[in-house]
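Here is a walk through one model, going from its loops to its helix pairs and its sheet. Have the viewer open while you read.

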Amino acid sequence: MRLMKQHILLGLLLGSLIIQSFQCASPDFTGGKLAYNQKDYSKAMAALQKEVVKNPGNAEAWYLLADCHYRLNDLPKAVQNSLEASKRSDKEPMKTKVADQLFFLWAEIYNKGTNAYNEFLGKDKSGDVSEMISLLELAISLKPENTEPLALLGNIYELKGDTTKAIATYQEYVRQLSPYIEFMKKNGMSIGMSREEVLRVLGKPITSRAFPDNNGDSLILDKMLVNNEEVFLSSFKKEGGKAILEGLRTQLPKNWLSQERERFYSMNIRPFVNLAYLYYGSKSLDKAVEIIEFTLSVNPTDDDLASLKIQIYDEQGKSDEVLKSLEVAASKNPNNKLYLEQYARVLARQKQYDKAIANYEKALAIDPNFENAIFNIGACYVNKAVDIIDEENKKIDANSKYKPDETRYFPLLNKAADYFSQYRSNAANKDNLGVLQQLSDIYLITRQNEKFKKLIIDLEAAEPANLTNASYYEYMGKVYAKQGMKDKADKAFQMADLLKKNK
């Protein structure tokens with residue numbers, strides 16, 4: 001997360017209170033204000049509580065009472081009283097002061113909730129979450145249109161295994177974001193578009209503000225007027241690059257202050273992805289597809305959702321339907337590596353390996369370091385080789401004297417090894433167990449003994465990361481057995497059996 005995005009919330013401070021009154025004040029109100037200005041908040045609170053009982057229409061008393069509760073660290077009461085002040089403050093300057101107080105309270109509560117959330121994640125997602133949930137729920141009750149707390153709350157419920165509450169919270173998140181997404185769909189916009197393209201669609205902004213950081217990057221906020229409705233755009237610009245749309249908001253409450261309406265807003269699509277997976281897990285496949293389609297309409301490059309959609313269509317027997325839609329998308333967007341990779345992936349699932357490889361190659365021509373395509377094209381070459389090996393084995397079964405034609409599949413396996421090695425060249429993938437196993441099998445089959453021996457060393461080095469992984473030890477047992485290392489093989493198989501029993 002870029003720290004500069006938090007500056008508006010973190011920098012928002014209550015200004016000093018200027019007390020003005022042009023009416024004959026009650027002794028409780030006068031005494032309460034005097035104690036407040038002397039920073040005796042407990043005494044002020046007692047007097048102001050009497051005042052609001054006698055004169056419930058006194059917005060200033062509610063406002064001061066809310067601040068007393070805040071300073072005495074009673075956030076729920078602070079929110080309750082500030083909302084009461086909001087109901088009664090219909091004149092300036094009190095109207096603006098109360099709006100400022102409400103936003104300040106929301107920002108304080110949300111920041112506390114966010115800090116608690118980050119601590120929770122840092123503790124391996126263990127510990128009591130009741131206080132964190134209370135903070136986030138309080139922020140949501142205060143300003144439900146600010147959706148950030150909903151995203152965190154839904155994730156907490158999901159991590160704690162409360163699927164029902166997680167789904168309900170994510171559904172509310174989707175409902176709150178729906179006006180923004182519908183606006184984007186209507187105007188042909190998507191997350192990740194250049195700001196330049198967006199302005200070509202929507203027209204000239206009323207105002208634009210840029211907030212540069214020390215690295216030369218900038219946040220850009222644009223205020224638009226589209227069909228008499230205010231629209232607020234948030235874009236991020238890397239130094240030397242184009243500004244990219246990260247979020248959009250519209251139909252915001254009329255009583256919000258300008259700093260609240262115009263703060264930077266990055267649209268978080270992750271709750272949509274999580275909701276789709278929860279629907280999928282509960283076998284609500286139609287709902288899962290509906291939320292996937294809704295989200296992909298404005299975030300077409302989301303690989304998680306595209307992958308899940310492919311999987312669901314496969315399970316529903318609609319592979320041809322998704323294949324056709326991806327073929328159209330890839331042909332319309334020949335320079336979009338993600339569409340090409342998704343199309344290739346479906347082709348590979350249908351064992352159309354040559355067409356899949358061709359589209360992976362197109363994606364890699366656009367981005368030679370595109371890891372999904374590098375890994376998956378390697379897998380295509382392996383799977384194509386496996387089909388040929390099966391054909392050769394059938395010939396051996398039919399004729400024991402038949403000698404397999406290794407020239408049919410060795411080149412394919414070597415190509416796969418090249419791609420898997422390229423994938424491993426990224427330090428983050430160096431110890432990827434699946435890739436290590438693929439390379440080990442390839443080098444064993446193709447009798448590249450020196451490379452195979454080096455792979456065994458790498459596989460052994462991966463043991464600390466796989467101490468509880470039974471399949472790792474089972475695989476190592478097979479590798480050792482093939483090398484005639486009986487003692488090592490027995491030890492690995494025993495470890496695999498032990499881990500399976502203790503699972």
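Let's start in a loop: Pro-93 sits between helix H5 (75–88) and H6. Helices here are DSSP runs of H or I with at least four residues, strands are runs of E with at least two, and both are numbered from the N terminus. The peptide bond joining Glu-92 to Pro-93 is cis, with omega at about 5°.

Before going further, some housekeeping. This is a predicted model, in which local features need pLDDT of at least 70 and side-chain atom pairs count only at pLDDT 80 or more, while totals for chains, interfaces and linings use all residues. Residues are numbered from 1 along each chain as its sequence is written, and side-chain values use heavy atoms, leaving out hydrogens and water.

**Around H6**

H6 itself covers residues 94–122, which is 29 residues. From first C-alpha to last it reaches 42 Å, close to the 42 Å expected at 1.5 Å a residue (the expected span being 1.5 Å times one less than the number of residues). Just after H6, Asp-124 takes a positive phi of about 55°. Asn-73 also has a positive phi, about 65°, although it is not a glycine; look for Asn-73 in the loop between H4 and H5. For context, most residues other than glycine have a negative phi, and most peptide bonds are trans.

**Helix pairs**

Axes are lines fitted to C-alpha atoms, for helices over the stretch in contact, and angles run from 0 to 180 degrees between N-to-C directions.

| Pair | Axis distance | Angle |
|---|---|---|
| H2 (residues 27–37) and H4 (residues 59–71) | within 11 Å | roughly 35° |
| H2 and H3 (residues 41–54) | 8 Å | about 155° |
| H21 (residues 449–461) and H22 (residues 470–482) | within 12 Å | roughly 150° |

H21 passes H22 in a left-handed crossing, meaning that the near helix is turned anticlockwise from the far one by less than a right angle (clockwise would be right-handed). On the H21 side, Phe-452, Ile-456, Leu-459 and Glu-460 meet H22 residues including Tyr-472 and Met-476, where contact means heavy atoms within 4.5 Å. By class, that contact has 8 nonpolar, no polar and 1 charged residues. Nonpolar covers Ala, Val, Leu, Ile, Met, Phe, Trp, Tyr, Cys and Pro; charged covers Asp, Glu, Lys and Arg; the others, Gly among them, are polar.

H2 and H3 are also roughly antiparallel to each other, and their crossing is left-handed. Gly-31, Gly-32 and Ala-35 are among the H2 residues in that contact, with Ala-44 and Ala-47 among those of H3. The class count for H2 with H3 is 7 nonpolar, 2 polar and 5 charged residues.

H2 and H4 have a left-handed crossing too. Phe-29, Lys-33 and Tyr-36 make the contact from H2, and the tally for H2 with H4 is 5 nonpolar, no polar and 4 charged residues.

S1 pairs with S2 (residues 218–226) over 6 bridges, and Ala-210 stands opposite Ile-220 in S2.

Terms used: Pairing = 2+ DSSP bridges. Parallel < 35°, antiparallel > 145°, perpendicular 65-115°, else oblique.
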